[in-house]
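Please follow the chain below with one question in mind: how do its elements pack against each other?

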Amino acid sequence: MDTNENHAAGPAEPHFYALEQLADLAHSIRMTAQTLPGCREQMGALLNEGKKAEAFGLYQSLEYQRGLLAGFLRDTRPLLMELEHPLVQAVEPLVQELVSSPVIKCKKTPRKKCSFVAEEAKKR
């Protein structure tokens with residue numbers, strides 16, 4: 001019996017675990033990122049209605065989701081390094097920008113947290 005019968009269709013394509021993991025992370029990043037704008041809009045609507053406690057709950061959710069997103073982005077770095085991909089250099093600056101930006105911007109001080117965040121945090 002010929003042992004090469006299994007290879008008659010040609011050599012198998014190389015299987016890259018890193019590519020599979022990056023695809024999974026890309027999906028997680030995309031799903032998390034897509035939820036953020038809607039939550040921000042909903043939080044803005046609640047603030048406009050004077051519902052600060054409910055808005056603060058959404059704010060906390062946004063902070064959590066932002067942390068998840070930063071974690072997913074950081075998880076791409078070793079995989080990109082393994083693949084010797086040039087985007088590896090962009091990961092940490094992107095994460096730093098993400099975590100340093102406020103979840104919601106105030107009109108008076110865009111780089112600081114809104115006063116309702118401090119007010120609601122004191123209540124808890």
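In this predicted model, helix H2 meets helix H3 through Arg-66, Leu-69, Ala-70, Leu-73, Arg-74, Thr-76, Arg-77, Leu-80 and Met-81 on the H2 side, and through Val-88, Val-91, Glu-92, Leu-94, Val-95, Gln-96, Leu-98 and Val-99 on the H3 side. Sorted by class, this contact comprises 11 nonpolar, two polar and four charged residues.

The geometry behind the contact can be stated in terms of axes: those of H2 (residues 52-82) and H3 (residues 88-100) come within 9 Å and cross at roughly 170 degrees. Because angles over 145 degrees count as roughly antiparallel, H2 is roughly antiparallel to H3. After H2 comes Glu-84, whose phi is positive, near 55 degrees.

The largest nonpolar core has 25 residues, of which Met-43, Tyr-59, Leu-62, Leu-69 and Leu-73 touch the most other members. Helix H1 (17-48), H2 and H3 are the elements that give two or more residues to this core, and H2 gives the most, with 10 residues.

Taken as a whole, the chain has four helices and zero strands, and along the sequence the pattern reads α-α-α-α. Of its 124 residues, 28% count as buried, while among contacts between residues at least 6 apart in sequence, 61% join residues at least 24 apart.

Terms used
Residues are numbered from 1 along each chain as its sequence is written. This is a predicted model: local features need pLDDT of at least 70, side-chain atom pairs count only at pLDDT 80 or more; totals for chains, interfaces and linings use all residues. Side-chain values use heavy atoms; hydrogens and water are left out. Axes are lines fitted to C-alpha atoms, for helices over the stretch in contact, and angles run from 0 to 180 degrees between N-to-C directions. Angles under 35 degrees count as roughly parallel, over 145 as roughly antiparallel, 65 to 115 as roughly perpendicular and the rest as oblique. Contact means heavy atoms within 4.5 Å. Ala, Val, Leu, Ile, Met, Phe, Trp, Tyr, Cys and Pro count as nonpolar, Asp, Glu, Lys and Arg as charged, and the others, Gly among them, as polar. A nonpolar core is a set of buried Ala, Val, Leu, Ile, Met, Phe, Trp, Tyr and Cys residues joined through side-chain atoms within 4.5 Å. Buried means under 20% relative accessible area, exposed over 50%, partly exposed in between (1.4 Å probe, protein chains only).
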